[in-house]
Amino acid sequence: MSAAIEYWFDFVSPYAYLASQSIETLAAKYGRTVDWKPMLLGAVFKNTGSMPLTMRPPVMAEYFKHDFQRSARFANLPFVMPDPFPINTQNTARVCLWMKQAAPHLVGAFVRQVTLAYFSGPAAINEPQWLAAQVQALGLDGAAAAAACEDTVRKDELKAACEQAVAQGVFGAPWIVVDGEAFWGNDRLPQVELWLANGGF
């Protein structure tokens, strides 16, 4: 079987929200799976000196806010700009890492469910009890998921994931790696598909 597609993302990224809704379907079309890799954009930005798109100079920030809405319409997905934005998502990422071990076949459903809730919100996606309810809805142990938020194993795992992202040159989300080739952004999905179809271009 061909190598899994690495999908680096932060639950707070609007463009990762959009790509998350379709990346698994796209991968399956070409006999691939998705290796969901939650990380924290804050850690990446600290390394690169960058910042959230909505915190850039006003002319850029307003463009991106408009583009979030337009890109969501293009993808036939709802979009409501969260308030506040951005937020910390360390608990959300830790629960995702817990799910990768507890129920790997449901990670994609979890990511889609949580990001959809956040960007059609409001939704307290970093709150342990909210996360527990989402996990419970997928038929898993919500209490165990909530406990993952304070689990030192998951904390260390997330820290290592952020360090790995930085080491691999990740500077934004979604960051999609196919056979060693990196693509940044939801708008690169057509290129990702062409690469999958042809083994490169």
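Buried means under 20% relative accessible area, exposed over 50%, and partly exposed in between, with a 1.4 Å probe and protein chains only. The model is predicted: local features need pLDDT of at least 70, side-chain atom pairs count only at pLDDT 80 or more, and totals for chains, interfaces and linings use all residues. Residues are numbered from 1 along each chain as its sequence is written, and side-chain values use heavy atoms, with hydrogens and water left out.

**Exercise 1. Classify Phe-9, Phe-11 and Phe-110 as buried or exposed.**

Step 1. Phe-9 has 0% relative accessibility, so Phe-9 is buried.
Step 2. Phe-11 has a relative accessible area of 1% and is buried.
Step 3. Phe-110 has 0% relative accessibility and counts as buried.

**Exercise 2. Describe how the ring of Phe-11 pairs with Phe-9 and with Phe-110.**

Step 1. Set the rule. Rings of Phe, Tyr and Trp (its six-membered ring) pair if their centres lie within 6.5 Å; planes under 30 degrees apart are stacked, over 60 edge-to-face, and the rest tilted.
Step 2. The whole structure holds 15 aromatic pairs.
Step 3. For Phe-9 and Phe-11, the centres are 5.0 Å apart and the planes stand at 70°, so this pair is edge-to-face.
Step 4. For Phe-11 and Phe-110, the centres are 6.0 Å apart and the planes stand at 75°, so this pair is edge-to-face.
Step 5. Phe-11 sits in the loop between β1 (5-9) and α1 (14-20), Phe-110 in helix α6 (residues 107-119), 99 residues apart. Helices (H or I, at least four residues) and strands (E, at least two) are DSSP runs, numbered from the N terminus.

**Exercise 3. Find the residues with the most contacts inside the largest nonpolar core, and list the contacts of two of them.**

Step 1. A nonpolar core is a set of buried Ala, Val, Leu, Ile, Met, Phe, Trp, Tyr and Cys residues joined through side-chain atoms within 4.5 Å.
Step 2. The largest such core has 63 residues, and Tyr-7, Met-39, Met-99, Phe-110 and Ile-176 have the most contacts inside it.
Step 3. Contact means heavy atoms within 4.5 Å. Neighbours within four places in sequence aside, Met-39 contacts Trp-8, Phe-9, Asp-10, Val-44, Leu-158, Cys-162, Ala-165, Val-170, Gly-172 and Ala-173.
Step 4. With the neighbours within four places again left out, Phe-110 contacts Phe-11, Thr-92, Val-95, Cys-96, Met-99, Leu-131, Gln-134, Val-135 and Leu-138.

**Exercise 4. How do the axes of helix α5 (residues 90-102) and helix α9 (residues 152-167) cross?**

Step 1. Axes are lines fitted to C-alpha atoms, for helices over the stretch in contact, with angles from 0 to 180 degrees between N-to-C directions.
Step 2. The two axes come within 9 Å and cross at roughly 105°.
Step 3. That makes α5 roughly perpendicular to α9 (65 to 115 degrees; under 35 is roughly parallel, over 145 roughly antiparallel, the rest oblique).
Step 4. Gln-90, Ala-93, Arg-94, Leu-97, Trp-98 and Gln-101 of α5 meet Arg-154, Lys-155, Glu-157 and Leu-158 of α9.
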